[in-house]
Structure formats: C-alpha cells, structure tokens
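Here is a short report for a reader meeting this structure for the first time. Please look over the sequence and the model before reading on.

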Amino acid sequence: TTNMQNNFLILDVGTDNGISDGMGVVTGNGIVGIVEATDRHYCRVSSFLSASQPASVKISRTQAFGPLSWSGTSIRKAHITEIPTHAEVTPGDTVVTSGFSAIFPPEIPVGTVTGVTSDGIYNDVDVDLLLDFNSLQHVFVVRNLDGKEINGLL
C-alpha cells in the first residue's frame, strides 16, 4: 500500500527462506521497510511510508546524521530532523543510510536534499526520495550477521 498512514508490503518469502522479524528491506534506490511478521512462505513488511518508521541517515558530503521520516503527504518526500546548524547542508546533497542501526547497512542511497530550514539549533531538511514505491518489483531482505550482538547492547 502507499495511500495509508501506515503502509505495508507482502513479500513471497518467509521463514523457509531464512526471513525473520526485524530484518531490513532495501533496493538499490533506498530503504523499503522492516519485516514485522513472517510465516513459512510470506512476510509482511512495515513500509518506510509509515508514520512510525524513521531511519537513521546521513548527508554524504558532510557526514551529518539524523532521523529520516516520511512526510506523510507524498510517496516521494521525506524529512530529516536534528541536523545541527553547524553542519552544512545544501540542496542537491545526497542522503544515504548511516549504518547506525542493526537493520540497514551504511551508504544505501536514499534521496536528495531539496530544502533546509533552521530553528537556530537544528536544521530541518527536506528530501526527495529516490525510490518510487509505486513501481517496486524486486527487493533485498538484509540480514545483519552482527544484529543480535548489537541489539544485545541496547
């Protein structure tokens, strides 16, 4: 789905294929979501196009990082918050995954900065997403081999 507040996908892989809850789902053009339920042959993925599905990203040029959230209005728009004002961010900058989680690997291209506003402490960054959720056909399910160890420290 792409037209709801909390969107999802159903994939035709499940526990028989080694899929488990909490695994990341990506394409070469960005993050898709996180596996939230599995059975033997299928899994349900909570889409990035959900109100409660932020992802840790960074600006490639400056390495400044923050949480990226779906804007809730367009399937091609997202928003980064909590980028310190001293971190230079300009329209055209590339946004990639930060690798600061046990879900998504680093350096997956996510989008392009289209605008920056500041409240004096933090920059709020508008991002055009690279991934067109309406044309998804093939995705990759990511298993972080160190994920259990990393999550054990949290």
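The report goes from the whole chain to its sheet and then to its salt bridges.

**The chain as a whole**

This is a predicted model. Along the sequence the pattern reads β-β-β-β-β-β-β-β-β-β-β-α. The C-alpha trace spans about 50 × 35 × 25 Å along its principal axes. A compact globule of 154 residues would have a radius of gyration near 15 Å, and the protein chain, with 16 Å, agrees with that.

Of the 154 residues, 38% count as buried. The protein chain exposes about 8,300 Å², and carbon and sulfur atoms supply 52% of this area. Take the contacts between residues at least 6 apart in sequence: 57% of them join residues at least 24 apart.

Five strands make up an open sheet, in the order 1-4-3-2-11, with antiparallel pairing. Strand 1 (6-11) and strand 11 (140-142) stand at the edges; each has a single partner strand, so one side of each lacks a neighbour in the sheet. From one strand to the next, the twist averages 35°.

Strand 2 (residues 24-27) and strand 3 (residues 30-38) run antiparallel and are joined by four bridges. T27 has G30 of strand 3 as its bridge partner.

**Salt bridges**

Side chains of opposite charge can pair when their charged atoms come close. The structure holds seven salt bridges.

| Pair | N to O distance |
|---|---|
| R40 and D16 | 3.0 Å |
| K58 and E107 | 2.8 Å |
| R61 and E88 | 3.5 Å |

R40 and D16 form a salt bridge. This pair links distant parts of the chain, 24 residues apart: R40 is in the loop between strand 3 and strand 4 (43-50), D16 in the loop between strand 1 and strand 2. D16 counts as partly exposed, at 45% relative accessibility.

K58 and E107 also meet in a salt bridge. K58 sits in strand 5 (residues 55-59), and E107 in the loop between strand 8 (94-97) and strand 9 (109-118), 49 residues apart. K58 is buried, because its relative accessible area of 9% is under 20%. E107 is partly exposed, with 45%.

R61 pairs with E88. R61 lies in the loop between strand 5 and strand 6 (65-70), E88 in the loop between strand 7 (77-84) and strand 8, so the pair ties together parts 27 residues apart in sequence. R61 is partly exposed at 44% relative accessibility, and E88 is partly exposed at 48%. R61, E88 and D93 are linked in a network of salt bridges.

Terms used. Residues numbered from 1 in each chain as written. Predicted model: local features only at pLDDT ≥ 70, side-chain atom pairs only at ≥ 80, totals over all residues. Heavy atoms only, no water. Pairing = 2+ DSSP bridges. Helix = DSSP H or I, 4+ residues; strand = E, 2+ residues; numbered from the N terminus. Axes fitted to C-alpha atoms, helices over the stretch in contact; angles between N-to-C directions. Rg over C-alpha atoms; globule rule 2.2 N^0.38 Å. Buried < 20%, exposed > 50% of the residue type's maximum accessible area, 1.4 Å probe, protein only. Contact = heavy atoms within 4.5 Å. Areas by Shrake-Rupley, 256 points an atom, 1.4 Å probe, with all protein chains shown as cover. Salt bridge = Lys/Arg side-chain N within 4 Å of Asp/Glu carboxyl O.
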